Number of protein chains: 2
Amino acid sequence: MNLQQLEYIVAVDKHRHFLKAADACFITQATLSMMIKKLEEELEVIIFDRSKQPVVPTDIGRKIIAQAQVILRETGHLKELAKIIKNEVQGQLRIGIIPTLAPYLLPLFLYDLLRKYPQVKIRISELNTNQIIEQLSNDLIDVGILATPIAAEGMKEYPLFYEKLVAFVSGNEETLNKQYILPEDIDVNRLWLLEEGHCLRSQMMNLCELRNKNTDLGNLEYEAGSIESLLKIVEINKGITVIPELAMNTFDEKRKSQIREFMAPVPVREISLVTYRHFIKTKLLEVLKQEITEAVAKFIPEKPAEQFVVEI
Amino acid sequence: MNLQQLEYIVAVDKHRHFLKAADACFITQATLSMMIKKLEEELEVIIFDRSKQPVVPTDIGRKIIAQAQVILRETGHLKELAKIIKNEVQGQLRIGIIPTLAPYLLPLFLYDLLRKYPQVKIRISELNTNQIIEQLSNDLIDVGILATPIAAEGMKEYPLFYEKLVAFVSGNEETLNKQYILPEDIDVNRLWLLEEGHCLRSQMMNLCELRNKNTDLGNLEYEAGSIESLLKIVEINKGITVIPELAMNTFDEKRKSQIREFMAPVPVREISLVTYRHFIKTKLLEVLKQEITEAVAKFIPEKPAEQFVVEI
DNA sequence: CAAGATTTATAGATTTTATCTATACAAAGA
DNA sequence: TCTTTGTATAGATAAAATCTATAAATCTTG
């Protein structure tokens, strides 16, 4: 017994004519006859009385056909279900995101996304790059939002946008006199860094060609835990730091005046969605990518003519 | 999509293991993988997350599997239904039966049959042989009970029993002196016949080698419409007639004393069930045959050593 | 009542699908 | 790193569904 045979008997019941039913099923009459005969043999029941014109179902046949219709209705439901479900954005998405991005990126899209897709449950963890990679591998999170490229086996990267790096300069710094600066303009001895583990720290070090150098401005030693801390230090004390573009979104005029952009080619960090091997929540990923890209486009409208991705 | 694929995903959901599920389905793991992949492609939905160990259905997969189980349950019902129905004796059976048999045969089995198979509806028409054949051809009745053989195209005969023909002799007839008689002993001029149309009439004529002879006993001309009429005439008047064995079932002693059996080979009439070409109520026919044969066996226990079927 | 039309069944060829064996690939454990 | 476990894939084979052509049966019509 198979679903087609059931369709065939329902068609014959409907048309009361083998040829018409066959046409309706897009098969030849010969095939229809054979398939129905086969079903009858399997069930050991005669479904149609072919001696009548038009053909009529037998008493038994009517019951079989009724049940066949139930089955076909249920298979219709299954197909419908699949169609609805696959287009429906739903389920849980566990996101890991680096701390230098989280407070600036998440507010840009999260609220809209949750309102637009009420069936989607999102769980966010602020993690540094290594933690994200580990948790992806152990299926503790579904997707990471972090700076790329990362050389990690089995990870897939989906670049979202390129975020400029800019300098944030203390009021009494010499660098502030220039409109555009070069990496070389940054005095590595006056550069404040994030604490160990932040990818932005290594990017800052790479940008300024700084290797394992202890940054020590006078009597203060401070490895900042967040960009906001970095900013505060520069403001209160002296020196310079490098921050990503989105961090200056909510800057007041005072802070804005302390920003200095780099001369072309502009250093940028590549921000990507990263998934591990057997990631299957493709629909959710697609939505996430779409929502982030859209939201970010409003804040990073123009792309510099020349840019280069700073290594991690 | 087909029923097997649904069975396969249900099996994988149950065993949470492709190889075990494949064994349970009596196929190889390769086939199972391919079939499930095919279903997933058709529905455009991923049903199982194979990266997990043991494999688990996806959120979507769980819903698909649940609906698959509904469908499989309904197909189970269909098979059950067929099994029950095909063993259940039910439906309407329209029987045509010759008048020389009806009042003697029907009481022997009809009541028991209806009680035994309450789902069976029986409609009986007393018809002569030609009417039965015509009504069978026109699907006005399903089965005939009559004397055979009949040479009619498309008819199928299922012999039930062989009914002896006996002589019923008036008290003042010479023939009564013999214990067993021969057809030649019957004076055709003293033989009462049934009216035209009864097969028993032609059988009587064939038995007595009588052709188109007007039977006329003195001043009475009477073509009887029933065996009971024949008996009454013989009793009241004189002469002789031929009746079938079952007609003497309810005879009192007086009547029994007027019966004379034929010497071997004993003339019998063959009583059969007759159906037309596309008869499909085979189960009902089987039951009818069984019930009649059983009932008649109680009244016609011994079969004569030598007998011959009288032609119609 | 024979000839043609209509309807379903059947035979044999062909295409499609399901299944198998063997092997690859991936992940986990020793 | 090697072995073990679990799933996927490739190619061959077996099974099935389907097709074309035609038969058989019935019905219609001149």
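Guide: Let us begin with a convention for sorting residues: Ala, Val, Leu, Ile, Met, Phe, Trp, Tyr, Cys and Pro count as nonpolar, Asp, Glu, Lys and Arg as charged, and the others, Gly among them, as polar. Please also note that this is a predicted model.

Visitor: How do the residues of the surface near DNA strand C divide?

Guide: That surface has nine nonpolar, nine polar and four charged residues. There are 22 residues around DNA strand C, and those that come nearest are Phe18(A), Ala30(A), Ser33(A), Ile27(B) and Ala30(B). Two or more residues each are supplied by helix 2 (18-24) and helix 3 (29-43) of chain A, and by helix 3 (29-43) of chain B.

Visitor: Which residues come nearest to DNA strand D?

Guide: Of the 21 residues around DNA strand D, the nearest are Thr28(A), Ala30(A), Phe18(B), Ala30(B) and Ser33(B). Here the elements giving two or more residues are helix 3 of chain A, with helix 2 (18-24) and helix 3 of chain B. The surface near DNA strand D comprises nine nonpolar, eight polar and four charged residues.

Visitor: What describes two packed helices?

Guide: One gives the angle between their axes and the distance between the axes. In this model, helix 1 (residues 3-15) and helix 4 (residues 59-87) of chain A pack at about 125°, with axes 9 Å apart. Angles of 65 to 115 degrees count as roughly perpendicular and those over 145 as roughly antiparallel; helix 1 and helix 4 of chain A are therefore oblique to each other. The crossing of helix 1 of chain A past helix 4 of chain A is left-handed. Among the residues making the contact are Leu3(A), Leu6(A) and Val10(A) of helix 1, and Ile65(A), Ala68(A) and Leu72(A) of helix 4. The contact as a whole has eight nonpolar, two polar and two charged residues.

Visitor: Is chain A spread out or compact?

Guide: Chain A contains 10 helices and 11 strands. Its radius of gyration is 33 Å, well over the 20 Å that the globule rule gives for 312 residues, so chain A is more spread out than a compact globule. Along the principal axes, the C-alpha atoms of chain A fill a box of roughly 105 × 35 × 30 Å.

Conventions. Residues numbered from 1 in each chain as written. Chains lettered and ligands numbered in written order. Predicted model: local features only at pLDDT ≥ 70, side-chain atom pairs only at ≥ 80, totals over all residues. Near = placed C-beta within 6 Å. Helix = DSSP H or I, 4+ residues; strand = E, 2+ residues; numbered from the N terminus. Axes fitted to C-alpha atoms, helices over the stretch in contact; angles between N-to-C directions. Parallel < 35°, antiparallel > 145°, perpendicular 65-115°, else oblique. Left-handed = near helix turned anticlockwise from the far one by under 90°. Contact = placed C-beta atoms within 7 Å. Rg over C-alpha atoms; globule rule 2.2 N^0.38 Å.
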